[in-house]
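Subject: Structure for your review

Dear colleague,

Please find below the structure that I am handing over to you. My notes on what was found in it follow directly after.

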Amino acid sequence: MDISNYKPRIIDKKIKEYLSVFGAVCIEGPKWCGKTWSACYHCKSEIMLGNPEGNFQNRNLAEMSPALVLEGEFPRLIDEWQEVPQLWDAVRYTVDQKAVKGQYILTGSATPNHKGVMHSGAGRIGRLRMRPMSLYESGDSSGAVSLKELCGGKLRPVMTGEVDLRRIIELIYRGGWPGNLDTPVSKAGLLPAEYLNAVIQDDVYRIDGIKRDTAKMKLLLKSLARNESTTVTNKTLKNDIKAIDDEDIDTDTVATYLDIFNRLFLLDNQLPFSSNIRSSVRLKQAEKRHFSDPSLACALLRATPQRLLNDLETLGLLFEALCERDLKIYAEAFGAKLYHYQDYNNREVDSVIELPDGDWCAFEIKLGANQIDKAASNLLELKNSIEKDNGLSPTVLCVICGLASAAYKREDGVFVVPITALKD
């Protein structure tokens, strides 16, 4: 592949690091997020199992002789390895035999059944999760503020410029798909819509060869879109489908379909904060629902830019999803993890970043600058209540904003940072 126009990705550093530690690296993530391009950038030879040339001769060759397709200069890329699951064990075996770092790069847009895969690859094959582009990677964030430095309590005040609400909507609607960056806004919704069609009509069946009710899968996806950035349960999703779409689906089927969507990297839920804060505060253990990119929720809701402009409540939830997509990408670049906070005293924080040393930072996400005061007050109240209970309080409080024109620290100690100024 011609990688002369390759746009650098934040995950590049991790790929290089993992190649120096493991015999092989597996890059996983949704289709069309740029896995193959990044892998090609780091490899010296390649084989594409999804190439249809010669009636899929590469895939047929891999099925007949897995060892043969592993031959080539290292690092060797094996694209869409899940098409021939036995390649996993072949790679693991070769890595053991040669005892050399950085032999293979595997890419996969689905996690196949464990049937036919004998070994987990633990210690031999390192796994990395890749996501659609963050705003910094796509060139839509100035990168004036480093999240890593911010989580260390460092921020140099800077004017970041006015941000138009319509531009924020366009970024949500377009999504972080590399192939969509130069697409006019009027046509930007076609790619995520086609992505969903490909998942329902083809990928779901190919993952394990079982035919499922595509109509009910579409209903569940629409329900997930209606509940984007919330902590609804599977039962609530079931009831939502019944109430709005007038169709019934049992909770076991909901759980099965959600598992499939996760294996296709269609979903990217935000886990609850589970660190022991050494207090009497009990934390809820509900995941916050997210698609891998907010543009998918837009496609399912038929939410055009104009409709979003007229529905600020939905826009706010999708903006939260956009920010949390980016926060997860940035945080993982320096070994941190993204969570959300929700306790039984009805205290909530949109995002928590837990640092490698156990410290944590609390973030509220607000679209409008007029919401900053309330968000800051909520963060301070949470910190004070945790300290009152002798718990481990957040070391940094920050409001991520859509329409703010500067990055700065308030007199009360709360940071304010526009999402369009953030980077890793």
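Over the ring of which residue does the charged end of Lys 284 sit? The residue is Tyr 344, and the charged end of Lys 284 is 5.7 Å from the centre of its ring. A second case of this kind involves Arg 59, which lies over the face of Phe 56 at 4.4 Å from the ring centre. Please keep in mind throughout that this is a predicted model.

**The open sheet and its helices**

Strands of a sheet pair through backbone hydrogen bonds, either parallel or antiparallel. Here, five strands make up an open sheet with parallel pairing, and their order is S2-S3-S4-S1-S5. Strand S2 (45-48) and strand S5 (125-129) are at the edges; each has a single partner strand, so one side of each is left without a neighbour in the sheet. From one strand to the next, the twist averages 20 degrees.

The pairing of S2 with strand S3 (residues 76-79) is in the parallel sense and runs over four bridges. Within this part of the sheet, Met 48 stands opposite Asp 79 in S3.

Two helices pack on the sheet. Helix H1 (residues 12-19) touches strand S1 (24-28), strand S4 (104-108) and S5, and its direction makes about 175 degrees with that of S5. Helix H2 (residues 35-42) touches S1, S2, S3 and S4; the angle between its direction and that of S4 is about 175 degrees.

**Aromatic pairs**

A pair of aromatic rings is described by the distance of the centres and the angle of the planes. The model has nine aromatic pairs. In one of them, the ring centres of Trp 32 and Tyr 195 are 5.5 Å apart and the planes stand at 85 degrees; since planes over 60 degrees apart count as edge-to-face, so does this pair. The two residues belong to distant parts of the chain, 163 residues apart: Trp 32 is in the loop between S1 and H2, and Tyr 195 is in helix H8 (residues 190-208). Trp 32 is partly exposed, at 37% relative accessibility, whereas Tyr 195 is buried, with a relative accessible area of 2%.

Phe 74 and Tyr 104 form another edge-to-face pair, with 5.3 Å from centre to centre and 70 degrees between the planes. Phe 74 lies in the loop between helix H4 (66-69) and S3, while Tyr 104 lies in strand S4, so this pair ties together parts that are 30 residues apart in sequence. The relative accessible area of Phe 74 is 26%, which makes the residue partly exposed; Tyr 104, at 1% relative accessibility, is buried.

There is also an aromatic cluster, formed by Phe 273, Tyr 339, Tyr 341 and Trp 360.

**Backbone features to look at**

Most residues other than glycine have a negative phi, and most peptide bonds are trans.

- Phe 74 and Pro 75 are joined by a cis peptide bond, with omega at about -10 degrees. Pro 75 is in the loop between H4 and S3.
- Arg 302 is not a glycine, yet its phi is positive, at about 55 degrees. Arg 302 is in the loop between H12 and helix H13 (305-309), and is exposed at 64% relative accessibility.
- Asn 390 also has a positive phi, near 60 degrees, in a residue other than glycine. Asn 390 is in the loop between helix H15 (372-388) and strand S11 (396-401), and is exposed, with a relative accessible area of 63%.

**A buried glycine**

Finally, Gly 402 is found in the loop between S11 and strand S12 (406-409). Gly 402 is buried, with a relative accessible area of 0%. Leaving aside neighbours within four places in sequence, the contacts of Gly 402 are Val 163, Ile 168, Phe 319, Lys 366 and Leu 367. Of these, Val 163 is 239 residues from Gly 402 in sequence, but the C-alpha atoms are 7.4 Å apart in space.

With kind regards

Conventions. Residues numbered from 1 in each chain as written. Predicted model: local features only at pLDDT ≥ 70, side-chain atom pairs only at ≥ 80, totals over all residues. Heavy atoms only, no water. Pairing = 2+ DSSP bridges. Axes fitted to C-alpha atoms, helices over the stretch in contact; angles between N-to-C directions. Contact = heavy atoms within 4.5 Å. Phe/Tyr/Trp six-rings, centres within 6.5 Å; stacked < 30°, edge-to-face > 60°. Buried < 20%, exposed > 50% of the residue type's maximum accessible area, 1.4 Å probe, protein only. Lys NZ or Arg CZ within 6 Å of the ring centre and 35° of its normal.
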